[in-house]
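Reader: I have a structure open and would like to learn how to read it. Where do we start?

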Amino acid sequence: MAQAEIGLIGLGVMGANLALNIAEKGNKIAVFNRTVERTREFVQEAGALSDQVIGCETIEEFVAAIRPPRPIIIMIKAGDPVDQQMALLKPYLSAGDIMIDAGNANFRDTMRRFDALKDSGLTFIGMGVSGGEEGARHGPSIMVGGTEESWKRVEKVLTSIAAKYNDEPCVAWLGENGAGHFVKTIHNGIEYADMQMIAEIYGILRDGLKMSADEIGQVFGTWNKGRLESYLIEITEKVLHVADPITGKPIVDMILDKAGQKGTGKWSAIEAQTMGIPATGIEAAVAARSISSMKEEREAAEKVLGLPAVAPLAVTDKAAFLKDLEDALLAGKIGAYAQGFAVMAGASKEFGWNLPMPTIARIWRAGCIIRSQFLDEITSAFTKAPDAANLIVTPAFAGLVKETDGALRRVVSAAALGGLPVPALASALGYFDSYRRGRGTANIIQAQRDFFGAHGFDRVDGADSHHGPWGSGLGG
Ligand code: 6PG
């Protein structure tokens with residue numbers, strides 16, 4: 001039997017779908033799973049594609065089935081299991097072979113793994129794969145980090161399986177070592193912010209306007225035909241129209257309001273904070289998931305504090321208010337994406353990756369969870385101004401911010417007055433208002449710092465005075 005082009009370890013849902021996608025695109029693939037039964041079951045279920053699949057029951061057999069230099073995708077639970085799997089695999093590999101971690105790894109682990117293999121002749125790729133099960137099976141967005149040489153070895157296979165946007169494959173080599181996993185992490189951070197802002201708008205429609213799930217679904221359906229067109233808006237419409245088979249009520253009304261999180265949103269926020277780059281939309285979204293998970297505590301607090309004593313949302317012109325909500329969501333989204341791209345620009349400098357911003361936007365246009373029309377606009381904005389300090393100062397997005405920030409202001413105000421929480425939308429407004437203001441208020445913070453701690457300050461006139469004449473304070 002001819003040798004496989006590539007190998008894959010881990011036949012869970014994502015691994016199995018990715019393997020079938022690889023096989024379907026005409027690439028021979030060797031597969032291995034910790035349990036032999038799963039490998040056998042997978043080969044059987046592959047049906048017509050089983051000709052392209054070499055099911056292997058031992059690691060030796062698996063490695064021998066792949067053409068050197070061997071690219072081997074590891075698609076298992078992120079964290080220690082990846083280190084353990086790599087250690088098991090390593091003794092069977094030879095110079096030039098490439099271990100590819102396709103899970104949602106922390107990019108710092110990826111950097112460590114990459115470095116650990118440096119002198120062994122083996123190499124490592126950290127590969128972000130987005131799009132869930134469906135994407136893995138029919139076309140994910142793929143973010144690759146590793147050496148350019150190792151990318152060349154896998155480029156053909158990955159290009160064949162990636163999602164396509166107008167025939168352009170949504171896969172790219174983004175830089176050395178942790179670049180791919182870092183970009184995937186920020187993708188997920190943006191995904192968190194996107195989802196949170198959708199949830200906040202849903203809350204205004206449900207609790208402020210007292211609309212039913214079905215009615216809210218119709219609103220999202222309309223928005224999905226406009227500038228908010230995206231996968232997340234599309235699935236929001238869909239889930240709002242689904243009935244619970246047990247009670248017949250809308251399923252969303254039967255789902256507990258406690259959100260899970262596996263870590264990528266939190267990592268995005270941590271890395272942004274570490275670099276001193278604001279990512280308030282992502283932070284608000286992570287915090288909102290954390291508050292959501294305190295269900296019992298929130299219920300107890302509602303008994304003590306009650307809901308805010310406010311007048312119900314006063315909406316005289318519903319059509320105008322819905323238009324404001326649509327524009328506010330777009331404005332909030334711009335804030336979150338601008339921050340996400342700014343964090344990537346910071347990391348690019350910090351880790352020497354030279355991340356290509358237009359390419360990142362380009363490979364997010366299809367296949368991934370945040371795919372949207374909007375990303376095509378970001379692609380074009382960064383293509384025209386690749387060195388822009390921030391997405392919101394590119395001509396197209398500056399125009400969009402000016403057009404929609406009034407709606408964001410009205411929606412955030414209405415929500416605040418109506419006692420409805422909109423932390424992510426409010427964070428976008430705060431970000432715009434702070435970022436666009438040449439003279440802020442940190443002068444008072446500097447004065448305070450100097451007063452109590454003699455920390456010094458710079459002067460607006462550039463004069464060489466670094467401490468204030470505080471009298472009894474420490475300065476002067
Ligand atoms: C994707 C998703 C995927 C996964 C998230 C969910 O890009 O395909 O982001 O990676 O669904 O890890 O993350 P949480 O469980 O943290 O919401």
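Reader: Which residues are closest to the ligand, and how many surround it?

Author: A residue is near a molecule if one of its heavy atoms lies within 4 Å of it. Here 13 residues surround the ligand, and the closest are Ser130, Glu191, Tyr192, Lys262 and Arg289. Note that this is a predicted model: local features need pLDDT of at least 70, side-chain atom pairs count only at pLDDT 80 or more, and totals for chains, interfaces and linings use all residues. Residues are numbered from 1 along each chain as its sequence is written, and side-chain values use heavy atoms, with hydrogens and water left out.

Reader: What lies 2.6 Å from an oxygen atom of the ligand?

Author: A polar contact is a pair of N or O atoms within 3.5 Å; within protein, one must be able to donate a hydrogen and the other to accept it, and residues adjacent in sequence count only if both atoms are side-chain atoms. Glutamate 191 places a polar side-chain atom 2.6 Å from a ligand oxygen atom. For asparagine 104, a polar side-chain atom is 2.7 Å from an oxygen atom of the ligand. Glycine 131 uses a polar backbone atom, 2.9 Å from an oxygen atom of the ligand.

Reader: At what angle do helix α9 and helix α10 pack?

Author: Helices (H or I, at least four residues) and strands (E, at least two) are DSSP runs, numbered from the N terminus. Axes are lines fitted to C-alpha atoms, for helices over the stretch in contact, and angles run from 0 to 180 degrees between N-to-C directions. Angles under 35 degrees count as roughly parallel, over 145 as roughly antiparallel, 65 to 115 as roughly perpendicular and the rest as oblique. The angle between α9 (residues 213-223) and α10 (residues 231-240) is about 155 degrees, and their axes are 8 Å apart. Therefore α9 is roughly antiparallel to α10.

Reader: Which residues of α9 and α10 meet?

Author: Contact means heavy atoms within 4.5 Å. From α9 come Ala213, Asp214, Ile216, Gly217, Phe220 and Gly221; from α10 come Ile233, Thr236, Glu237 and Leu240. As classes, Ala, Val, Leu, Ile, Met, Phe, Trp, Tyr, Cys and Pro count as nonpolar, Asp, Glu, Lys and Arg as charged, and the others, Gly among them, as polar. This contact of α9 with α10 has five nonpolar, three polar and two charged residues.

Reader: How far apart are the axes of α8 and α12?

Author: Helix α8 (residues 179-208) and helix α12 (residues 264-275) have axes 8 Å apart and an angle of about 105 degrees. So α8 is roughly perpendicular to α12. Their contact divides into five nonpolar, six polar and one charged residue.

Reader: What joins proline 68 and proline 69?

Author: Most residues other than glycine have a negative phi, and most peptide bonds are trans. Proline 68 and proline 69 are joined by a cis peptide bond, with omega about -10 degrees. Proline 69 sits in the loop between α3 (59-64) and β4 (71-74).

Reader: Is the phi of asparagine 166 positive or negative?

Author: Asparagine 166 has a positive phi, about 45 degrees, although it is not a glycine. The loop between β8 (164-165) and β9 (168-169) holds asparagine 166.
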